[in-house]
Amino acid sequence: MESGDDTPAPPRPVLFVSYSRTDLAHARPVIDLLEQAGFDVWWDGRLEGGENYLQTTEHALETSDCVVVLWSATSVNSHWVRDEAQRGRERGCLVPLTIDGTMAPLGFRQFQLLDISAWDGAATSPEAARILVAVRAKAGAPAPVPASMPAPVLVSASPAPASPPPPSPAGGLALSRRTVMIGGAAAVGGAGLIGAWQFGLLGSPASAAISMVVLPFGNETGDPDKKYFSDGLSRELRAVLARNPRLKVAAPASSNAIDGEDDFAIGRKLGVSNILRGGVQRDAERVRVTAELVAIDNGELLWAKSFDGALEDVFAVQSEIAEAVAVSLVAEIASDAEAKQSLAAQSEIGGTQKVEAYEAFLRGMALYDLGAGGDSNRSGLAQFDAAIAADPDYAAAHAMRATMLLNLAVESSNAGETRRLFAESITAAKRAIALEKRLAQGHLALGFALNNGQLNRAAALPSYQIAEQLGAGDGDLLRQVATFYSYGDEHERAGQIIDTALELDPLNARAFRSAGFVALLAHDYPKVISRMERALALNPTLASVYYAMAVARLMQGDAAGALTLAGKERTPIFRLTATAVAAAKLGDAAGSARAFDQTLAEYGDAALYQQAQIKAQQGDKAAALALLGRAISEGDPGLLWAPNDPLLDPLRGEPAFKDLLIRLGS
């Protein structure tokens, strides 16, 4: 037999092509060219139906001879393309191409970038020849370059590293960790201590804090219905990091102010120095998370990591990201020992280790964040109930169940149903606190239920005080605490707390709306206008904003301006109230009476407090006081405003009104 007759053909070099799915039309000519040149090309179009894509993709990436990355305006923002490019870089087999002239992202510009944006897809073109030369060189199968071949067109001419980083160790770890740490420290285990800074171990949380924002992680599954998972994961990370006394964590509110902005622009608007961003890809059994920490000023990649594992490993992934990011940042302003000690406050609080419960909780949080009310709140409550059914000891789920019951109670126009919902909320909040007394949301829900549901300010005060202490880094929580204090006589304290909330959450329209109401109850009318105008700039559809501005204009003597603002109010009961009052001040008794009669017809006893406001401003003190007396009997939460409500100022000299405030505990 002739030598070589039975010799198998040498294996074809395997190429991994990484690209954004939106660029498929540009990727196909590259894939076709490489296949026609004899390469075995892996790309996601080769995935079979039902195949576990995470495992398959991981195997293809790790066993390929060359990783070809197609950079574009879209793919530079894809965490998965970046992650795959990073692996190619680590293994020393990366070939980067730009298909539209876009520069490679920071961290990849030390590699020569081949510009094929002008390529027409022809296999005989100069661009095709350049692609093949570059790929053959990296894949270990170089081909001679014809003398007539034009020189490559390069976008970046930074020198390549002398030698590639060593490949990551292979092995059977349940959770592979491909890591690059630049200017940061390795992750350490969290301690079991809680809130060490609160007891003087680490100093004031305001001292030497370093600022950052956790941006919503990208949903890379291709399924919009899975967005709740990626959003929820980033929200949980933000909550954990906000407990670290050495970090000042801003919240990227959903706002028109950041629509269409890139990550760095959002960070600058939030006034922070660092961005944590990432993406999540998952199927029924496995999850893949990429995360990177980037300095805004110079775009330096401080820390980056990708995680692949079983879905139940998501809890370890979340913990490891939070710990590594915290240590990387805190080490810049403190010793390594103190950086590690600061993690004590990041220990898990009120969580779960059951994926089914966690997923239901994240779905519930997505509905809560939606803030659509009605059926959305009921659906959210059902999700928190499902989380509790899967894990009865899930304290955070009990706390959010209490919160959703409160939302439903506030919406209800049935007095009996409202009382029942408030009572159920108190039970749920107490259960959350019994399971985890360090959970700020549980104390906040209990305080709100006692204050709004029972008009028991004295009983609610300790819950708000504890919530304020435990949630010192949570802007949304502080917003609600400030509102509570504004109902009493601690206006300066309420103002300080709301200012802190605005600093932590400067793009949150709801925070500015709360700040406007805090100013209204402090009778600071110019600030009411400025705060509410800012809220509208962030969210033009926000409800109750024009009402507050109308009341402020009334108190400034501008009844005509108040009437115009009242007409713009989105919430009907507030629109009617402000219209009736403004009309009365303008001498339009008939118009004021029409608005009052409509309020009575549409809302009845559900709006006793608003009816009292109108009567007080119409000059009918006896009717106003009678309505307030009925409001107390019905437990109308509007009475919380009574001690400071400027619309009730005509009643302040009346003995009956003073008695009413005593009954309210004010």
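Which residue in E2 is the bridge partner of valine 14? In this predicted model, the bridge partner of valine 14 is aspartate 40 of E2.

**Overall composition**

The chain has 666 residues, of which 53% are buried. Its secondary structure amounts to 25 helices and 12 strands. Among contacts in the chain with a separation of 6 or more, 66% are between residues 24 or more positions apart.

**The parallel sheet around E1**

Strands E2, E1, E3, E4 and E5 form, in the order E2-E1-E3-E4-E5, an open sheet of five strands with parallel pairing. Helix H4 (residues 126-139) lies across E1, E3, E4 and E5, and runs at about 160° to E4.

Strand E1 (residues 14-18) has four of its five residues buried, and is therefore largely enclosed by the rest of the structure. Its pairing with strand E2 (residues 40-42) is parallel and consists of three bridges. Between E1 and E2 the chain passes through helix H1 (residues 24-36), giving a β-α-β crossover that is right-handed. E1 also pairs with strand E3 (residues 66-71), again in the parallel sense, over four bridges. In E3, cysteine 66 is the bridge partner of leucine 15.

**Helix pairs**

| Helix pair | Angle between axes | Axis separation |
|---|---|---|
| H9 (residues 355-370) and H10 (residues 375-390) | about 160° | 8 Å apart |
| H19 (residues 545-555) and H20 (residues 559-568) | roughly 170° | within 8 Å |

H9 and H10 pack at an angle of about 160°, and angles over 145 degrees count as roughly antiparallel; H9 and H10 are therefore roughly antiparallel to each other. Their crossing is left-handed. On the H9 side, the contact is made by Glu356, Ala357, Ala360, Phe361, Arg363, Gly364, Met365, Leu367 and Leu370. H10 contributes Ser376, Ser379, Gly380, Gln383, Phe384, Ala386, Ala387 and Ala390 to this contact.

The axes of H19 and H20 cross at roughly 170°, which makes H19 roughly antiparallel to H20. Tyr546, Met549, Ala550, Arg553 and Leu554 of H19 make the contact with Ala559, Ala562, Leu565, Ala566 and Lys568 of H20.

**Two loop residues with positive phi**

Histidine 523 is not a glycine, yet has a positive phi of about 60°. This histidine 523 is placed in the loop between helix H17 (509-521) and helix H18 (525-538). With a relative accessible area of 34%, histidine 523 is partly exposed.

Serine 544, also a residue other than glycine, has a positive phi near 70°. Serine 544 is found in the loop between H18 and H19. Is serine 544 buried or exposed? Serine 544 has a relative accessible area of 8%, and buried means under 20%; serine 544 is therefore buried.

Terms used: Residues are numbered from 1 along each chain as its sequence is written. This is a predicted model: local features need pLDDT of at least 70, side-chain atom pairs count only at pLDDT 80 or more; totals for chains, interfaces and linings use all residues. Side-chain values use heavy atoms; hydrogens and water are left out. Buried means under 20% relative accessible area, exposed over 50%, partly exposed in between (1.4 Å probe, protein chains only). Two strands pair if DSSP finds at least two bridges between them. A crossover is right-handed if, with the strands pointing away from the viewer, the path from the first strand over the helix to the second runs clockwise. Axes are lines fitted to C-alpha atoms, for helices over the stretch in contact, and angles run from 0 to 180 degrees between N-to-C directions. Angles under 35 degrees count as roughly parallel, over 145 as roughly antiparallel, 65 to 115 as roughly perpendicular and the rest as oblique. A crossing is left-handed if the near helix is turned anticlockwise from the far one by less than a right angle, and right-handed if clockwise. Contact means heavy atoms within 4.5 Å.
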